[in-house]
Amino acid sequence: RLQNSEQQRRALLADVTHELRTPLTVVQGNLEALLDGVYPADEAHLKPILDETRVLSRLIDDLRTLSLAESGALQLQREPVDLAVLATEAAASFRAQAEAAGVELAVTLGDDLPLLEIDPLRIREMFTNLIANALRHTPRGGRVGIAAQPDPARQWLTVSVSDTGQGISPDDLPHIFDRFYKSADSRGSGLGLAIAKNLVLMHGGEINADSAPGQGTRIAFTLPMQS
């Protein structure tokens, strides 16, 4: 067990180092070019630096959230929440990005969804991760859909984010919720789905993925309804 723990620690350090290196390299290279006079200090050359600092900030936030969740130190701030409003607001923040990419972003939620006793900030974070991930893997002309279906018999609500992208290979599918696990063509950090899994489990729900190459991907998670 000690040997396995040490291997996991080393693998985590290697993954973190790898994820930090790319944005830091971009920032350093651009700043050096600006100081040397190779680039003018205009918006076209300063904006990429700002964009990469945002990537770094998001990565650090994700690492902190995942660390707290896995250690059991993350505290949920539960309150009665209308999931339809939360999902609609999350989708709205991606509307411009989806339109620019030529991807339809559809929200299909009933008007009679029950209130859920959840942490709205963390579930909004989940939606952000899942929608961003779906958009990254959906080509122009494709569709990303958000849906929810209550199951009164089992006292839970099933929420899904689906896309019409290239799908996930059978080899990758069992590992997509592992931290830092990415397919060869992924542009993400490999943390979004790991965070989503931990947040769902903390809420007492479950999460799974259904996908096949060329047939898109559907990520579905359940949240307990109030009794």
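Which residues does threonine 128 touch, not counting residues up to four places away in sequence? In this predicted model, threonine 128 touches Arg58 and Phe94 when residues up to four places away in sequence are not counted. Threonine 128 is found in helix H5, and because its relative accessibility is 18%, below the 20% limit, this residue counts as buried.

The setting of this residue can be described from the overall architecture. The protein has six helices and seven strands, which follow one another along the sequence in the pattern α-α-β-α-α-β-β-α-β-β-α-β-β. Of the 227 residues in the protein, 40% are buried. Among contacts in the protein with a separation of 6 or more, 71% come from residues 24 or more positions apart. The accessible surface of the protein comes to about 12900 Å², and carbon and sulfur atoms contribute 52% of that surface.

Helix H5 (residues 120-136) also packs against helix H6 (residues 192-202). The axes of the two helices come within 9 Å and cross at roughly 145 degrees, and the crossing is left-handed. On the H5 side, the contact is formed by Arg122, Glu125, Met126, Asn129, Leu130 and Asn133, which meet Gly192, Leu193, Ile195, Ala196, Leu199 and Val200 in H6. The residues of this contact divide into seven nonpolar, three polar and two charged.

Helix H6 is largely enclosed by the rest of the structure, because eight of its 11 residues are buried. These buried residues are Gly192, Leu193, Ala194, Ile195, Ala196, Asn198, Leu199 and Val200. Their cover includes H2 and H5, together with strand E6 (207-211) and strand E7 (217-224). Just after H6, glycine 204 takes a positive phi of about 85 degrees.

Helix H2 (residues 43-71), one of the elements covering H6, has 29 residues and spans 42 Å from its first C-alpha to its last, close to the 42 Å expected at 1.5 Å a residue. The buried residues in H2 are Ile49, Glu52, Leu56, Leu59, Asp62, Thr65, Leu66 and Ala69. In general, an α-helix has 3.6 residues a turn, so residues three or four places apart point the same way. Just after H2, glycine 72 adopts a positive phi of about 80 degrees.

Two further positions, one in a loop and one in a helix, were examined individually. Isoleucine 168 lies in the loop between strand E5 (156-163) and H6. With a relative accessibility of 17%, isoleucine 168 falls under the 20% cut-off and therefore counts as buried. Not counting residues up to four places away in sequence, isoleucine 168 touches Leu173, Ile176, Ser211, Ala212, Pro213 and Thr217. The C-alpha atoms of isoleucine 168 and alanine 209 are separated by 9.5 Å, although the two residues are 41 residues apart along the chain.

Threonine 88 is placed in helix H3 (residues 83-92). Its relative accessible area of 41% lies between the limits of 20% and 50%, so threonine 88 is partly exposed. Threonine 88 touches Val107 and Leu109, again not counting residues up to four places away in sequence. A separation of 8.9 Å is found between the C-alpha atoms of threonine 88 and isoleucine 146, which stand 58 residues apart along the chain.

Technical notes:
Residues numbered from 1 in each chain as written. Predicted model: local features only at pLDDT ≥ 70, side-chain atom pairs only at ≥ 80, totals over all residues. Heavy atoms only, no water. Helix = DSSP H or I, 4+ residues; strand = E, 2+ residues; numbered from the N terminus. Expected span 1.5 Å × (residues − 1). Buried < 20%, exposed > 50% of the residue type's maximum accessible area, 1.4 Å probe, protein only. Axes fitted to C-alpha atoms, helices over the stretch in contact; angles between N-to-C directions. Left-handed = near helix turned anticlockwise from the far one by under 90°. Contact = heavy atoms within 4.5 Å. Nonpolar A, V, L, I, M, F, W, Y, C, P; charged D, E, K, R; others polar. Areas by Shrake-Rupley, 256 points an atom, 1.4 Å probe, with all protein chains shown as cover.
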